[in-house]
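Please read the following report alongside the sequence and the three-dimensional view.

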Amino acid sequence: SRAIKTNQDLLPETPWIHIFYNDFWGTLLTHSGSHKSYRPLCTLSFRINHAVGGMDPWGYHLVNVLLHAAVTGLFTNFSRILFGDGYWTLIAGLLFASHPIHTEAVAGIVGRADIGACLFFLLSLMCYVKHCSTRGSSPSTWGWILGAGLCAGCSMLWKEQGVTVLAISAVYDIFVFHRLKMHQIISALYKRKNLTLFFSIGLLTSWGTALLGVRLYWMGNKPPSFSNSDNPAADSDSFLTRTLTFFYLPTKNLWLLLCPDTLSFDWSMDAVPLLKAVSDWRNLHTVAFYAGLLLLAYFSLKGSSNERECNGKTVMNGKQNANGHSCHPETEYKTLEVKSNFASKEENGLKKHEIQKLQLPSTENIVILSLSLLIVPFVPATNLFFYVGFVIAERVLYVPSMGFCLLVTVGVRALYVKAQKRFLKNLVFCSTAALIVFYGLKTVVRNGDWQNEEMLYRSGIKVNPAKAWGNLGNVLKSQSKISEAESAYRNALYYRSNMADMLYNLGLLLQENSRFSEALHYYKLAIGSRPTLASAYLNTGIILMNQGKTEEARRTFVKCSEIPDENLKDPHAHKSSVTSCLYNLGKLFHEQGHYEEALTVYKEAIQKMPRQFAPQSLYNMMGEAYMRMSRLPEAEHWYVESLRSKSDHIPAHLTYGKLLALTGRKSEAEKYFMKAIQLDPTKGNCYMHYGMFQID
C-alpha cells in the first residue's frame, strides 16, 4: 500500500524529481523515520505504470513477468560463457526460471526492485565480460567497462544490493578469465605483472567506493531504525543471542534455496525463533553450513589434480576437446597457451585473446564464481555491517539464487563426469530433470497463494501466525465478514499481544459496530504499546466527544497534536492523523462557541496538513467559524476553497448557499442548494436547508 497505493510520488501532480529525494515508500530520505530504501528507478517504473493504467494491477504484473523473462534470458546467456553450448547451460537457465523462491519477487509488485536490480546486475556483468575479452586488443574495451559501471549504478538505483556486481566482476576477471590461484594473485602483485588486470580491478574498486559514498551521503549519513518486530535479534540485549541467530540465518536462507517447501509472505517477528543458547540444536546446522562452505571454497581456490571435466567430457592435461572447446588443468595467468588444437587456429588468423575466449573455465573456477554470486549479493542482508528491517525475505534471494543455480549445475556436471556407467549418468540427468519439474510445480502452487490477499495470508499462518492473522483480519473486514475479522484479530493478539496495529484495528472494528467501551479499551492498549500511534488518540477523542466527555476528549486531541513524527515509519499517515485530531479539536471548540480558539486550531491543522490530506471539511469549518463571527468575506473565501479542493463536497454547497442567501445573492444560492440535492437526492438535510431558504 505504501509503495504504490498511497505513494504520492506516483501521482502526476507530484514533480517527478521528488522520486530522487524520497525513499521507496515516498518518505523524505533524510527523515528520521525513513526506511532508507533508495530505489528511484523502481519507483519511476511504478509511476510509468500508474500513468499508463492507473491502479489496474494487470499492467504492474505484466511488467514484473516481462522483467523476469528478460533476467532469465540474460542469466542463461551468461551461463553459456561458463558451460558453453549444450545441456548444462539449458539446465542452469531452467533452474533459475522455475525456482519457487522467485515467486514473491515476481508475483508481488514491490518485488520488482529485486528483478530490476538483477537485470542491470547481469547487464553490468556481461559488459565487464566483454571488457575482459577485448582488453588489450580493441579501443572499445573502455566503452565496455564504462557500460559496466553505469549498469552497476543503475542496478543500485533499483535496489541497494545491485552495487555488489562490481565485486562479482572482479572475481570473474581474476578467477574465471585469468584463472589465477590465490598464490598467483600475490605473486602477480609482487612482480607487477598483468597490470591491465589490476588497473581494471582498481577502476571497479574506485567506482564501487564512489557509489557507496554518494549513497551514504544521500541518505543523510545515518542508518535506518527498525522496530523490534521487524528484526527481533537486532533488538536483543544478549550478544550471544544476536551472534548465534545472525550466524544461523544464512543457513536458513540456503535451505529455502535447496528445499523451498515452506514459503511465506513475511518472516518477521517470531517466524524464526531466536537462538539463545549454544545448546540449541540448530547450531549444528550453522556449523555444518559454514564448514561445508569453507571446504568448498578452500578446494576450489587451491585447485586439484590434473584431471578436469569440460562440458561433460573428462579431459587429461587439456587434450580432450568437447563441443569445440579445450580445457586445461593448470593455466598460468601469464600464458594461457593452447598447444595442439589451438595451434592450427592461430595459424588461421585467430588472435590469442580470441583463442582464450574459446576455453571454458574449469569446475573450480565456476565454483568460485558461483559461491561469490551466492554470497556477496546476500551480504547486505546479513546484519554484518548494519541491521536490516527483516529476518528473512524471499525476494532478497532473487540475485543470490543465480549463484545457487550455477552451483547446482556445476555439481551435477561433475557427478555426470565422474559416473563411469551409463546407468549412473542417466540417473544423474533424470534426477536433475526431476528437480526442475518439482521446482516448477512448486512455483505453480505458490503462485496460487498469490492469487489474492486472503489466500496469501492464510498460506502464511503456519510460518508467522501473528502477522498472517492480523492481515487476514483486514481482508475479512473489507469483505464485511465482521465476526470472522474479529476472530482473526484476536488470534493475532493471542500469538503476539503487544501489536499496536492489531490492537488499533480491533478497536476500530468494535467502534464501527458501536461497541464503544470495548473499542476504548483496545485503543488504550494500543497507545500503551506504541505511545506515538496518533490514529488511536484520534479515535479515542472522537468516542469521548460523542459520549459528552468533552474535557477528556480535549486533552486527548491536544496530546495527539503534540506527538512529533520523528523516527516514525509512516510520517505521512501520522501527519494525517494529527491534522484530523486538530480538526476535531476545532469542532469541539466550535460547538462550545469558542470560535477564536477554533480558528487558531484550524490554522494549526492547515499548517501541519500533509499533501495527501483531503482538506475540504477543514476549509468548510474554517468558513463556518468566520460565518459565526460575522466575518463574511473570510467565510466566503474558505467556502470557495473547500469547493475547489472537492467540487462535490455537499456540506460546502449548503453552507456557501446560506452565505450567498444572507448576502442577497439568492439566484446563486439556489444553484448551490440544488447542486447539493442533485449530488445526493436521498439526503434529507439538503431538502431541509433548501426549504428554509425558500421560506426566507
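## Basis of the description

The model is predicted: local features need pLDDT of at least 70, side-chain atom pairs count only at pLDDT 80 or more, and totals for chains, interfaces and linings use all residues. Residues are numbered from 1 along each chain as its sequence is written, and side-chain values use heavy atoms, with hydrogens and water left out.

## The whole protein

The secondary structure of the protein comprises 30 helices and 4 strands; helices (H or I, at least four residues) and strands (E, at least two) are DSSP runs, numbered from the N terminus. The C-alpha trace spans about 110 × 60 × 45 Å along its principal axes. Of the 696 residues, 52% count as buried. In this report, buried means under 20% relative accessible area, exposed means over 50%, and partly exposed lies in between (1.4 Å probe, protein chains only).

A contact requires heavy atoms within 4.5 Å. Among the contacts in the protein with a separation of 6 or more, 65% are between residues 24 or more positions apart.

The domain assignment gives domain 1 (56–246 + 361–448) and domain 2 (630–695), the bounds being taken from an automatic or database domain assignment. The C-alpha centres of domain 1 and domain 2 are 63 Å apart.

## Helix 1 and helix 6

Two packed helices are described by the angle between their axes and the distance between the axes. Helix 1 (residues 40–53) packs against helix 6 (residues 141–158) at an angle of about 70 degrees, and their axes are 5 Å apart. Helix 1 is therefore roughly perpendicular to helix 6. Axes here are lines fitted to C-alpha atoms, for helices over the stretch in contact, and angles run from 0 to 180 degrees between N-to-C directions. Angles under 35 degrees count as roughly parallel, over 145 as roughly antiparallel, 65 to 115 as roughly perpendicular and the rest as oblique.

On the side of helix 1, the contact involves Pro40, Leu41, Cys42 and Ser45, which meet Cys154, Leu157 and Trp158 in helix 6. The residues of this contact divide into 6 nonpolar, 1 polar and no charged. For this division, Ala, Val, Leu, Ile, Met, Phe, Trp, Tyr, Cys and Pro count as nonpolar, Asp, Glu, Lys and Arg as charged, and the others, Gly among them, as polar.

## Helix 3 and its surroundings

Helix 3 (residues 87–98) has 12 residues and reaches 16 Å from its first C-alpha to its last, close to the 16 Å expected at 1.5 Å a residue. The expected span is 1.5 Å times one less than the number of residues. The buried residues of helix 3 are Trp88, Thr89, Ile91, Ala92, Gly93, Leu95, Phe96 and Ser98. Their cover includes helix 2 (57–83), helix 15 (400–418) and helix 16 (422–449).

Thr443 is located in helix 16. Not counting residues up to four places away in sequence, Thr443 touches Ser98, His99, Pro100 and Thr103.

## Helix 26 and its surroundings

Helix 26 (residues 616–628) has 13 residues and reaches 19 Å from its first C-alpha to its last, close to the 18 Å expected at 1.5 Å a residue. Because 11 of its 13 residues are buried, helix 26 is largely enclosed by the rest of the structure. Among the buried residues are Leu618, Tyr619, Met621 and Tyr626. Their cover includes helix 24 (571–591), helix 25 (595–608), helix 27 (632–645) and helix 28 (650–662).

Ser645 lies in helix 27. Leaving aside neighbours within four places in sequence, Ser645 is in contact with Pro615, Gln616 and Tyr619. Ser645 and Tyr21 are 624 residues apart along the chain, and their C-alpha atoms are separated by 27 Å.

Just after helix 26, Ser630 takes a positive phi of about 60 degrees.

## Residues in loops

Met269 lies in the loop between helix 10 and helix 11 (282–302). Its phi is positive, about 55 degrees, although Met269 is not a glycine. Ser514, in the loop between helix 20 (500–512) and helix 21 (516–529), is likewise not a glycine and has a positive phi of about 60 degrees.

Asn228 is placed in the loop between helix 9 (195–218) and helix 10 (239–258). Apart from its neighbours within four places in sequence, Asn228 is in contact with Asp235 and Arg496.

The table gives the accessibility of selected residues.

| Residue | Relative accessibility | Class |
|---|---|---|
| Met269 | 7% | buried |
| Thr443 | 15% | buried |
| Asn228 | 34% | partly exposed |
| Ser645 | 35% | partly exposed |
| Ser514 | 54% | exposed |
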